[in-house]
Amino acid sequence: MNNDSKLIDRLKKLLALAGNNPSQSEAEAAMAKAQAIAVENWDKAIGLLNSIVSDGGGTADVYNLLGFSLRKSGDMANALDFYLKALALDPGHAIALYNRASILAGVGRPAEALDALEAACAAKPGFAEALFFKGNVLRSLRQPDAALKAYEAALLANPKHTVLRLSLNFGKSPTGNRAF
């Protein structure tokens, strides 16, 4: 038994103890995610996730992870396709919506990014990262009052969100004026 198989089996046992009964593809997806994030080896993650998909394990989570790995490796077009596949299976997949918005905003499509972020926030109320990103997109669309409301909602959702607190500095520039 190779190391990947041992990890899959161990993860399946841990998930079973936690009250879940994971399928092989779910365990493989979780293992691939853990490996990819731990070592940021996106090519390996892409290979593992593609093998899961080719074995018929294409769940919304697997497609989202594949999109994430592709985005991290710089392949935005294919990443976007896999986020759309995830959303075709689960239109309310908040993380896939958020990840899709990241690409859309990055390629100059902020209105579409905003739509995806609003859907992510509706699917997962209190999603601080999505609320914060929504504020950034609204700022780019020159909607400062709406952006401030999104930032406030993000702070309410997660008052300890360090990046949000530091980057906002409560909406003020170093001179004390509104930064946007």
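**Reading the terms used for this model**

In this predicted model, the chain exposes about 10,000 Å², and carbon and sulfur atoms supply 54% of that area.

Me: What makes up the chain in terms of helices and strands?
Reply: The chain has 10 helices and 0 strands. From the N terminus on, the elements run α-α-α-α-α-α-α-α-α-α. Of its 180 residues, 38% count as buried.

Me: Why is the pair Glu-112 and Arg-109 called a salt bridge?
Reply: The term requires a side-chain nitrogen of Lys or Arg within 4 Å of a carboxyl oxygen of Asp or Glu. The side chains of Arg-109 and Glu-112 meet at 2.8 Å, N to O, and because the cut-off is 4 Å, the pair qualifies. A search of the whole structure finds 1 salt bridge.

Me: Why are Glu-112 and Arg-109 called partly exposed?
Reply: Buried means under 20% relative accessible area and exposed means over 50%, with partly exposed in between. Glu-112 has a relative accessible area of 32% and Arg-109 one of 34%. Both values lie between the two cut-offs, and therefore both residues are partly exposed.

Me: Why is Ser-102 called buried?
Reply: Ser-102 has a relative accessible area of 18%. The cut-off is under 20%, so Ser-102 counts as buried. This residue is found in helix 6, residues 94–106. Leaving aside neighbours within four places in sequence, Ser-102 is in contact with Arg-71 and Phe-133.

Me: How do you know that the span of helix 3 is close to the expected one?
Reply: Helix 3, residues 42–54, has 13 residues and reaches 18 Å from its first C-alpha to its last. At 1.5 Å a residue, 18 Å is expected.

Me: What puts the buried residues of helix 3 on the same side?
Reply: The buried residues of helix 3 are Trp-42, Ala-45, Ile-46, Leu-48, Leu-49 and Ile-52. They cover an arc of only 170° around the axis, and therefore they lie on the same side of helix 3. An α-helix has 3.6 residues a turn, so residues three or four places apart point the same way. The face turned away from the buried side of helix 3 carries the exposed residues Asp-43 and Ser-54. Just after helix 3, Gly-56 takes a positive phi of about 90°.

Me: How do you know that the buried residues of helix 9 line one face?
Reply: In helix 9, the buried residues are Ala-147, Ala-150, Tyr-151, Ala-154 and Leu-155. Seen down the axis, these residues fall within an arc of 140°, so they line one face of helix 9. The face turned away from that buried side carries the exposed residues Asp-145, Lys-149 and Leu-156. Helix 9, residues 144–157, has 14 residues and reaches 20 Å from its first C-alpha to its last, close to the 20 Å expected at 1.5 Å a residue.

Me: Which elements have the lowest and the highest mean pLDDT?
Reply: Helix 1, residues 3–17, has the lowest mean pLDDT among the elements, at 50. The highest belongs to helix 7, residues 110–123, at 97. The chain averages a pLDDT of 78, and 67% of the residues score at least 70.

Me: Where does pLDDT stay under 50?
Reply: The pLDDT stays under 50 over residues 172–180, for which the model has 17 contacts beyond four places in sequence.

Conventions: Residues numbered from 1 in each chain as written. Predicted model: local features only at pLDDT ≥ 70, side-chain atom pairs only at ≥ 80, totals over all residues. Heavy atoms only, no water. Buried < 20%, exposed > 50% of the residue type's maximum accessible area, 1.4 Å probe, protein only. Helix = DSSP H or I, 4+ residues; strand = E, 2+ residues; numbered from the N terminus. Contact = heavy atoms within 4.5 Å. pLDDT = per-residue confidence, 0-100. Expected span 1.5 Å × (residues − 1). Arc of directions from axis to C-beta. Areas by Shrake-Rupley, 256 points an atom, 1.4 Å probe, with all protein chains shown as cover.
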